[in-house]
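Work through the following exercises with the sequence and the model side by side. Each task is followed by a solution that goes step by step.

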Amino acid sequence: MWNKKGTLLILTGLLALGLLTSCDNAKQVQDTGGQGGNSNQENANQEENGHSGHEGGHEAASNNYKAAVTSNEPVSAGTETELSIQITDSNGAPVQEFDVNHEKLLHLIIVNRDLSFFHHIHPDYMENGKFTVKTTFPAGGEYKWFADFVPKGAEGTTLSEWLRIEGEEGEASAVQPDTSLIQQVNGKEIELSLSNTLSNEEVVLSYHIRDAQTKQGISDLEPYLGAVGHVVILSADAQQYIHVHPLEEQSTGPKAEFVATFPHSGIYKIWGQFQHQGEVMTVPFVVEIQ
Ligand SMILES: [Cu+2]
């Protein structure tokens with residue numbers, strides 16, 4: 001009995017700690033949430049919004065826009081759930097129109113705490129700034145979503161927030177830099193090289209995609225989201241979401257090049273996504289930036 005109580009106490013303590021951490025993170029994220037020029041004053045507003053949003057649900061705000069992710073039923077691990085994403089402006093009015101960006105109106109990226117789970121999906125636009133998408137979270141624990149969209153005629157915006165999913169948690173492992181930047185996925189061998197590993201410098205990410213068996217370069221990659229590939233980069237703590245642009249959009253391989261700037265030194269995870277013969281492959285690499 002005594003043991004049971006002791007365990008219970010520790011669990012409660014951990015949970016409280018977890019919630020506090022997530023709240024703290026939510027605040028910090030607001031500083032970088034909006035990608036369009038934020039002044040310091042606007043950042044202060046973002047913190048307020050982000051904080052109240054956290055208490056009310058899973059909401060993120062930038063200086064101009066807010067995104068809230070909700071579901072009709074409680075979201076639990078292993079069960080497909082429909083998520084609704086509501087985009088509103090600073091007055092709380094739904095954003096009605098969006099520009100197409102990389103072929104889509106909204107890109108939703110979902111990762112778990114240790115970045116071992118990565119999901120890149122495209123919710124359907126309903127109306128009045130509302131999107132819906134069905135998805136399944138593989139395990140319980142903390143996840144972070146990133147909503148990437150362009151309100152019509154405005155700048156691209158990325159909003160993010162942590163989300164807790166009920167259910168048994170998987171084992172978390174530290175995000176460790178890869179010792180080799182070569183990987184095999186879907187019968188392809190993908191090699192990544194970086195022009196340099198310095199923060200606050202433009203870094204060219206060059207992917208070489210070969211057949212894993214023959215080692216022949218693959219030169220008939222299909223466009224994915226309107227370009228040779230799509231790359232998402234997050235810092236190990238998921239605080240920084242880095243926008244990446246292809247250098248040569250219309251390349252069909254075997255080389256695919258992208259350019260990114262890492263805001264500070266540290267460990268980053270980079271997911272490259274490419275399409276070949278109708279199949280999308282997702283290739284993650286972890287790098288250390290000085
Ligand atoms: Cu997307």
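**Exercise 1.** Identify which residues are linked with Glu142 in a network of salt bridges, and describe the pair that Glu142 forms with Arg164.

*Solution.* The network of salt bridges joins Arg113, Glu142, Arg164 and Glu169, where a salt bridge is a side-chain nitrogen of Lys or Arg within 4 Å of a carboxyl oxygen of Asp or Glu. Within the pair of Arg164 and Glu142, the closest N and O atoms are 3.9 Å apart. This pair links distant parts of the chain, since Arg164 belongs to strand E9 (residues 157-165) and Glu142 to strand E8 (residues 141-149), 22 residues apart; strands (E, at least two residues) are DSSP runs, numbered from the N terminus. Arg164 is partly exposed at 28% relative accessible area, whereas Glu142 is buried at 12%, with buried meaning under 20%, exposed over 50% and partly exposed in between (1.4 Å probe, protein chains only).

The model is predicted, so local features need pLDDT of at least 70 and side-chain atom pairs count only at pLDDT 80 or more, while totals for chains, interfaces and linings use all residues. Residues are numbered from 1 along each chain as its sequence is written, and side-chain values use heavy atoms, with hydrogens and water left out.

**Exercise 2.** Determine which protein donors the copper ion has.

*Solution.* The protein donors are His107 (ND1), His120 (NE2) and His122 (NE2), lying 1.8 to 2.0 Å from the copper ion; donors are N, O and S atoms within 2.8 Å of the metal (3.2 Å for Na, K and Ca), and sites may look incomplete because water is not among the atoms. Along the chain, the donors follow the spacing H-x12-H-x1-H. His120 is buried, with a relative accessible area of 9%.

Terms used:
Helix = DSSP H or I, 4+ residues; strand = E, 2+ residues; numbered from the N terminus.
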